[in-house]
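Morning, everyone. Please put the structure up on the screen. I'll keep this short.

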Amino acid sequence: MSDQSGNESGVTREGLEHPRPGREAPADDLTVRRRGGAGGRGRGRGGGRRRRGRGERAMVPDVEFGSYYGKPVLNKPVWSAPDIAGYLFLGGLAGASSLIGAAADARGEDRLARVSKTGAAAAAVLSLSALVHDLGRPMRFLNMLRVVKVTSPMNLGAWLLSAYAPAALAAAGAALTGRFRPVGVAGTVGAAALGPAVASYTAVLLSDTAVPAWHDAHREMPFVFVGSGAMAAGGLGLLGAPVAQQGVPRRAGVLGAATEVGCLKLLEHRLGFVGEPYRQGRSGRWMKAGEGLALAGSALALLSRGEGCGRRTAGAVGGAMLLAGSACTRLGVFAAGVASAEDPRYTVGPQRERLQRRGAER
Amino acid sequence: MGLLSESEYDAPLPRMGFFTDTSVCIGCKACEVACKEWNHVPEDGLDFTGMSYDNTQGLGADSWRHVAFIENRTGATPVDLGMPQVGAPDAADGADGSGVRPDLPPGGDLIDGEGKLQWLMASDVCKHCTHAACLDVCPTGSLFRTEFGTVVVQEDICNGCGYCIPACPYGVIDQRKDDGRAWKCTLCYDRLGVGMEPACAKACPTDSIQFGPLDELRERAQARVEQLHEKGVDVARLYGHDPDDGVGGDGAFFLLLDEPETYGLPPDPVVTTRDLPVMWRQAGLAALALAAGVVAAAFGRKS
């Protein structure tokens, strides 16, 4: 397309750029148009990074656009990956574990109930700590509670967690000590009621941004996240509960893994070009690791159903893999968003295409 | 003025804003300097980027005005830029008061020789959107809408959660690292309160940055773009002026001489919270699915 015009020389940050005819393969998808010195560099950078994608198929064909020296349009999130990906992972683990804990109570499986409730309470406390730690002004955390704002998922999340965490702690305390039964029941019921919301609202938190790979995934993301949460909570149950009480966590974990992997496929397919960071680069590797661990962990979890002496080990290893898989997926989703914000192609490309479509309709 | 008529004021003030006419920007960066001085904005890095004359690079916590420099080479052969010419301007230079020279491409200098250079300059700033994503997602209520229709961070409330940063579709607001809080243009809220115009507009020597009631600015911008079109500058277009766009129109809008993305601006920004009802619905469905899934898992036989 505009590749040949991109071969004129220009003075760039790296020095003089000489004409190199035929240096680059013809652009197969998005082409960043050469705009003199400015767009030229944008093209070089954006194009170079793209080419590492090893012949990705064209998702947004024939859309041309320039860029300002290849600089991102968006300011990328300043959140730290361990804090915020950890917060997503722990929120999912906590929410789904509270449900499993309540289910264990209903089935009279006290050991599983203890593991899941304790896990939920610990995860809730750690997730809140991660959130506070990531604030620029941690001492001002309580400012989150000076308003109630539906347009701010982080605000609603802070309210949700401040109701959920005490309930989860009460449930765990009663289960561990064997005392305060009424408080324990109230806590268990409360945590189980709020748990699904705790596991799913973090998806809205990510999607309610201008970050292309997060925003455009807003339909699938909550299902990915609850699947991932169920997978982690199932993994924890398999890891901690005795063999006789592993039925619920096994089924929940495998069902969760299937949901997570399936919904991610759907997400990537629907996002097309903007979904590239979920397949490529560092974020892509996290996602692949997450998927591999989810599948292998599920297989081991299912194997641990049978008879035999390896049963306990298979369950524990499978459970650990499900937990690790969920954490990898969260890190991958986080990194994919950051990668999509750093590259102006993911911001400008879809917008340009939208404008062209609108122009064509007119 | 639906934005302010919903406020509690009996007689709402007119919404104030900026119209930045980049066709007369000379890239002097007086706006950047005036902004920094008036608002005590700290140093934002002393880098030489090689991006033409732009060492600011973009808007952020410590850059509330940013002058972009774009060198569009229209010829095929590279050319030595040489020195700017000294002496009386051409007779044709803006003789009719429009600032347009029919012999030159719009926006900047033409360097004659084997190649031609079109030099675009534009001063970027917070857009003070009608539907401001930063304000919507702020969990503390630190970001608020002023009586002038502008969007301002209350720094004594901000807890540095950083949510506004990826929410902004223009990449304006950012976190000050040593301070932890989010910062951006206030449209000189303190100056507006006492009837003064913002520092950048005051300092702009060519009136490229114009400050005033938004209604008035929109009329003025329309007249200017028509004037440029009459002069044959077909590339002139307004950006952010349309109240029906994805952010409900910008409080600070622009006249550009190229596609928005050439200036580092998104061509069709949409406020992320437009899709929030769908997001909450999906999250609700997912939460129900999770509860149903665990209930289903609880109905198996004991292993």
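One caution before we start. This is a predicted model.

Let's begin with chain A. Chain A has 362 residues, and 60% of them are buried. Its secondary structure amounts to 11 helices and four strands. How much of the contact in chain A joins residues at least 24 apart? Take the contacts between residues at least 6 apart in sequence, and the figure is 75%.

Now the record. An unreviewed UniProt entry lists five spans of chain A under "transmembrane region": 84-106, 118-136, 156-176, 183-203 and 223-241. I checked two of them against the model. Residues 84-106 of chain A are 100% helix and 0% strand, with end C-alpha atoms 33 Å apart. Residues 183-203 of chain A are also 100% helix and 0% strand. There the end C-alpha atoms are 31 Å apart.

Next, one helix pair in chain A. Helix α2, residues 81-107, packs with helix α8, residues 247-271, both in chain A. The angle is about 145 degrees, and the axes are 10 Å apart. The crossing of α2(A) past α8(A) is right-handed. Which residues of α2(A) and α8(A) make the contact? From α2(A) we have Ile100(A), Ala103(A), Ala104(A) and Arg107(A). From α8(A) come Val248(A), Pro249(A) and Ala252(A). By class, that contact has six nonpolar residues, one charged and no polar.

Let me also point to helix α11 of chain A, residues 344-361. Its 18 residues reach 26 Å from first C-alpha to last, close to the 26 Å expected at 1.5 Å a residue. Several residues of α11(A) are buried, among them Pro344(A), Tyr346(A), Arg352(A) and Glu353(A).

On to the two chains together. How many residues of chain B are in contact with chain A? The count is 68 residues of chain B, against 81 residues of chain A. On the chain B side, the elements giving two or more residues are β2 (65-73), α3 (133-137), α4 (164-167), β6 (174-175) and α8 (276-298). Which of them gives the most? That is α8(B), with 15 residues. The chain B side has 34 nonpolar, 23 polar and 11 charged residues.

Stay with α8(B). This helix has 23 residues. From first C-alpha to last, α8(B) reaches 33 Å, close to the 33 Å expected at 1.5 Å a residue. The unreviewed UniProt entry lists residues 279-299 of chain B as "transmembrane region". In the model that stretch of chain B is 95% helix and 0% strand, with its end C-alpha atoms 30 Å apart. The buried residues of α8(B) include Leu276(B), Met279(B), Gln282(B), Ala287(B), Leu290(B) and Ala291(B). What covers the buried residues of α8(B)? The cover includes α2, α5, α7 (221-240) and α8 of chain A.

Now zoom in on one residue there. Pro196(A) sits in helix α5 of chain A, residues 181-207. Is Pro196(A) buried or exposed? The cut-off for buried is 20 or more other C-beta atoms within 10 Å. Pro196(A) has 27 such neighbours, so it counts as buried. Within chain A, Pro196(A) touches Gly95(A) and Leu99(A). Across in chain B, Pro196(A) touches Ala287(B), Leu290(B) and Ala291(B). Pro196(A) and Gly91(A) are 105 residues apart in sequence, yet 9.8 Å apart C-alpha to C-alpha.

For contrast, look at Cys28(B). It lies in the loop between β1 (16-21) and α2 (30-39) of chain B. Cys28(B) has 16 other C-beta atoms within 10 Å, so it is partly exposed. From Cys28(B) to Gly160(B) is 132 residues in sequence and 33 Å in space, C-alpha to C-alpha.

Last, some backbone angles. Most residues other than glycine have a negative phi. His128(B) is not a glycine, and its phi is positive, about 45 degrees. His128(B) is in the loop between β3 (117-125) and α3 of chain B. With 31 C-beta neighbours inside 10 Å, His128(B) counts as buried. Leu187(B) has a positive phi too, near 50 degrees. Leu187(B) is in the loop between β7 (182-183) and α5 (189-193) of chain B. Leu187(B) is also buried, with 27 other C-beta atoms within 10 Å.

That's it from me.

Conventions
Residues numbered from 1 in each chain as written. Chains lettered and ligands numbered in written order. Predicted model: local features only at pLDDT ≥ 70, side-chain atom pairs only at ≥ 80, totals over all residues. Axes fitted to C-alpha atoms, helices over the stretch in contact; angles between N-to-C directions. Left-handed = near helix turned anticlockwise from the far one by under 90°. Contact = placed C-beta atoms within 7 Å. Nonpolar A, V, L, I, M, F, W, Y, C, P; charged D, E, K, R; others polar. UniProt positions renumbered as here; feature names shortened; annotations may be inferred. Expected span 1.5 Å × (residues − 1). Buried ≥ 20, exposed ≤ 12 C-beta atoms within 10 Å, placed from the backbone. Lists of a residue's contacts leave out its neighbours within four places in sequence.
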